[in-house]
Amino acid sequence: MGGASRYAGGDGRRLSEADTWLVEAGRRRAWTHGIVNPPLYRASTVLYETIAAMDAANRDVDANLYYGRKGTPTTWALREALTGLEPGAEGTMLMPSGVSAITAAILSCAKAGDHVLLPDSAYDPTSAFADGLMRRFGIEPQWYDPLIGAGVAGLFRANTAALLLESPGSLTFEVQDVPAMAAVAREAGVVTILDNTWATSLYFQGIRHGCDLVMQACTKYVVGHSDSMLGSVTANAARWRDLQKTVWQLGLCVGADDAALGLRGLRTMGVRLARHQESGLKVARWLAAHPLVDRVLHPALESCPGHALWRRDFSGASGLFGVVLKAGSRADAAHLCDGMRHFGLGFSWGGYESLMIPCSPERLRRVTRWQAPGLCLRLHVGLEDVGDLIADLEAGLARFAAAVGGS
Ligand SMILES: Cc1ncc(COP(=O)(O)O)c(C=O)c1O
């Protein structure tokens, strides 16, 4: 897929060019037949007229219909579109969820006897995989302080195969020094894997910043409408073949409907993200000034650990952030969350709708301590009117204060 991308190998691309790419990517005439959206190819079996045609298709399954699991123009179009958003990338593989993208990325570079580093702020199922299947297959996980920076080199061993990065971290939103960490990893021959779901490749380009594998839970902003599960891993040239082989051997693939929903979402991701950013910041600033709020964990606010790195490396912020209250605990969450009118109570994020969940980051920590004086929430600010969202939070915080106190 590498040569197919207009942007592969490029650098320093302006965001406006990415906006054009989002609209036009993957719309090759051979795939679309002139229709604006690539058609949905629902396929398992492909019929050949001759043995010669069957053998020819097998020689390059990224360009020829061979068998459903290996892809169709619907999935090729999405893969090409995602590859083009990461300057310097060689190709992208699709998976049926964000979690399967993470596990496939790890399995593409680690084997029994290896050591893998992951941040203490990693998405919980990433840590669960490390503690579970990874250990069962003889790969040793080690968690590190997400703010360790280039000091992570001190944790490298002769058998360290991969360094996982997630920036900002799940629930607590620490921004990592990805370029510095990727640089020391490359020097040591350690593969870097970045969970780039929060920023997407629009607001942070992982390959350009030195990462080898950049994964996204496309379920979030790429799909953007909370109606499909989808994951992707984009690789540089050095890691591309191992990634592709691993995904094929695991038998991971996505259906045409999900790929088409991913493509449809991608077309508007730029405008959606801009609105998520604008409204998210308004809500974050409003919350930061509220007497019941201890701190807001938003990479664009100075209260966020690693904020200076966000300013240096990112070109935007999405709509997901955390808020720590001065009082209460997880047990008090219902006073606030149960009566919300616009913020839905539910997992995931990145869709057009606002969501909230209470969380307890301290329970997930293994090597660092995380402390909060009161209830912690994760908010996703959607595309609703921001005044409605603030009014919803104001009423929720008033209910909470009446029941728990704390302001
Ligand atoms: C940072 C991050 N990475 C990965 C995932 C997993 O994505 P999925 O739900 O598509 O498996 C999530 C889901 O919430 C996430 O927040």
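User: What counts as a salt bridge here?
Analyst: A salt bridge is a side-chain nitrogen of Lys or Arg within 4 Å of a carboxyl oxygen of Asp or Glu. Asp177 and Arg312 form one through their side chains, at 2.7 Å from N to O.

User: What sort of model is this?
Analyst: This is a predicted model: local features need pLDDT of at least 70, side-chain atom pairs count only at pLDDT 80 or more, and totals for chains, interfaces and linings use all residues. Residues are numbered from 1 along each chain as its sequence is written, and side-chain values use heavy atoms, leaving out hydrogens and water.

User: Which domains is the chain divided into?
Analyst: Domain 1 (2–267) and domain 2 (270–404). The bounds come from an automatic or database domain assignment.

User: How many salt bridges cross the interface of domain 1 and domain 2?
Analyst: The rule finds three.

User: And how many residues of domain 1 are in contact with domain 2?
Analyst: 41, against 40 residues of domain 2. Contact means heavy atoms within 4.5 Å.

User: New topic. Is Lys220 buried or exposed?
Analyst: Lys220 is buried, because its relative accessible area is 12%. Buried means under 20%, exposed over 50%, partly exposed in between (1.4 Å probe, protein chains only).

User: What does Lys220 contact?
Analyst: Beyond its neighbours within four places in sequence, Lys220 contacts Thr197, Ser348, Trp349, Gly350 and Gly351.

User: What does UniProt say about Lys220?
Analyst: An unreviewed entry carries the annotation "modified residue: N6-(pyridoxal phosphate)lysine" at Lys220. Positions use the numbering here, feature names are shortened, and annotations may be inferred rather than shown by experiment.
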